[in-house]
Amino acid sequence: METRVVFHIDFDYFYAQCEETRSPELKSKPVCVCVFSDRGGDSGAIATANYTARKYGVKSGIPITFAKKRLEERSDAVFLPVDFDFYSEISEKAMEIMKNNADIFEYVGRDEAYLDVTERVGGNFEKASHLAQQIKNTIREKIKLSCSIGISPNKLISKIASDYQKPDGLTVVSPEKVEAFLDPLKIRTIPGIGKKTEEKFLEMKLETIQDLKKIDIFTLNKYFGRKTGSYIYNSARGIDNEPVKKRDARIQYSKITTLKKDSKDYEFLLENILELCKEVHEVVRKNNQMFKSVGIHFVQSDLTSKSKSRMLRSPTSNIEELEKTADQLLKEALENQTITVRRLGVKVSELSEIQGQSDITSYF
Ligand code: DGT
Ligand code: CA
Ligand code: CA
């Protein structure tokens with residue numbers, strides 16, 4: 001197999017950094033993003049914290065009360081509730097930049113992705129390093145976000161490398177440097193190896209990946225089963241043949257609006273539905289997508305919800321078809337509707353990419 005060039009990109013302290021982008025005055029303060037539980041008060045956990053807060057021992061998963069205690073001396077510490085919609089919005093924009101710079105783009109989660117760039121850099125790691133720097137610069141300029149990038153011949157090593165110099169890191173592990181890079185690392189840095197497995201190895205006096213290579217495949221298989229055994233064996237040697245698979249972030253696009261007044265009047269709701277269709281269509285068009293399912297969503301005056309959706313005969317990117325279907329769904333939803341509607345939404349799903357069309361505008 002030819003040598004691949006694979007990036008793993010991971011945003012730094014993601015939720016907390018998103019909060020910093022909309023309130024730059026937070027940058028100098030310890031920032032904790034919290035998932036408050038519905039029990040009220042300070043019950044709940046820390047989703048993430050910026051690096052200033054981390055200096056005080058605050059990290060993902062600890063109770064909010066612990067974090068407050070650890071930050072007691074920092075009267076400027078800020079505790080914010082999570083705002084997933086906002087983080088998704090930022091994520092989408094950044095993912096778009098990455099996607100434009102990849103031969104194959106694989107979305108992993110809101111804050112990370114793999115890029116196969118083998119072709120566009122001609123397998124050259126120096127060119128790859130420049131490309132990564134450009135991506136970092138663009139994301140910083142346009143979205144005010146820092147990220148860390150790992151570059152190597154496969155997903156496994158790139159994932160480890162992106163975490164190697166955080167925040168704002170760029171770590172290049174070219175094929176001839178793989179062994180020197182991995183050998184001194186703790187066994188725990190191999191993705192999927194947790195505390196328990198690490199302890200097992202420590203009992204055997206094995207601490208680093210170099211140590212781990214002393215264990216033969218049969219012993220590993222005996223301890224962990226064949227699948228995990230061979231994964232650990234290969235990982236220690238930097239072997240990973242998993243391809244970067246084309247995967248998009250979006251499984252749907254939706255827009256929702258709070259109506260000027262609560263209503264169940266067809267004409268009034270239709271007017272709003274058509275406006276939402278326009279907005280949804282705009283995003284779909286920009287992302288070069290087609291959809292096969294259309295849905296509408298009510299949040300009613302008593303805050304209960306109601307949804308309806310319909311599968312189309314074939315994928316389309318046509319706005320008339322979107323409007324017509326949404327209109328039908330609205331009529332159906334309003335049959336024996338007693339309660340008024342407060343918020344109204346339109347979504348499209350079952351997305352597919354428009355392929356092989358040089359001029360995409362001809363589709364619309
Ligand atoms: P880093 O180390 O600079 O990449 O920091 P993060 O915060 O980006 O950490 P990462 O990449 O592990 O996770 C990405 C986001 O996922 C993070 O901003 C918040 C969320 N997250 C991570 N761990 C937890 C957790 O234990 N609980 C909750 N609720 N959310 C979490
Ligand atoms: Ca991250
Ligand atoms: Ca991550």
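Is Asp168 buried, partly exposed or exposed, and at what relative accessibility? In this predicted model, in which local features need pLDDT of at least 70, side-chain atom pairs count only at pLDDT 80 or more, and totals for chains, interfaces and linings use all residues, side-chain values use heavy atoms, with hydrogens and water left out. Residues are numbered from 1 along each chain as its sequence is written, while chains are lettered from A and ligands numbered from 1 in the order in which they are written. At 40% relative accessibility, Asp168 counts as partly exposed, where buried means under 20% relative accessible area, exposed over 50%, and partly exposed in between (1.4 Å probe, protein chains only).

The protein is divided into domain 1 (1-174), domain 2 (183-236) and domain 3 (252-362), with bounds that come from an automatic or database domain assignment. The centres of domain 1 and domain 3, taken over C-alpha atoms, are separated by 32 Å.

The side chain of Asp168 meets that of Arg140 in a salt bridge (3.0 Å, N to O), a term that denotes a side-chain nitrogen of Lys or Arg within 4 Å of a carboxyl oxygen of Asp or Glu. Asp168 lies in the loop between helix H6 (155-162) and strand E8 (170-172) and Arg140 in helix H5, so the pair ties together parts that are 28 residues apart in sequence; helices (H or I, at least four residues) and strands (E, at least two) are DSSP runs, numbered from the N terminus. Arg140 is partly exposed, with a relative accessible area of 39%. A search of the whole structure finds 21 salt bridges, one of which joins Asp183 to Lys213, with the closest N and O atoms 2.9 Å apart. Asp183 counts as buried at 11% relative accessibility, whereas Lys213 counts as partly exposed at 21%.

Two calcium ions, ligand 2 and ligand 3, are 3.6 Å apart, and Asp10 coordinates both. The protein donors of ligand 2 are Asp10 (OD), Phe11 (O) and Asp111 (OD), at 2.1 to 2.3 Å, where donors are N, O and S atoms within 2.8 Å of the metal (3.2 Å for Na, K and Ca) and sites may look incomplete, water not being among the atoms. The site of ligand 2 is octahedral, with angles of 79 to 174° among its six donor atoms; six donors count as octahedral if opposite donors are over 155 degrees apart and all others between 65 and 115. Asp10, in strand E1 (residues 6-11), and Glu112, in strand E6 (residues 112-116), are 102 residues apart. Asp10 is buried, with a relative accessible area of 12%, Phe11 counts as buried at 1%, and Glu112 is buried at 14%.

In helix H8 (residues 195-203), Thr197, Glu198 and Phe201 are buried. Seen down the axis of H8, these buried residues fall within an arc of 100°, so they line one face of the helix, the arc being that of the directions from the helix axis to the C-beta atoms. On the other side of H8, Lys195, Lys196 and Glu203 are exposed.

Gly238, in the loop between helix H11 (226-236) and strand E9 (252-263), is buried, with a relative accessible area of 11%. Leaving aside neighbours within four places in sequence, Gly238 is in contact (heavy atoms within 4.5 Å) with Asn154, Leu156, Ile157, Val178 and Leu182.

Note on methods:
Tetrahedral: all angles 85-135°; square planar, octahedral: opposite > 155°, others 65-115°.
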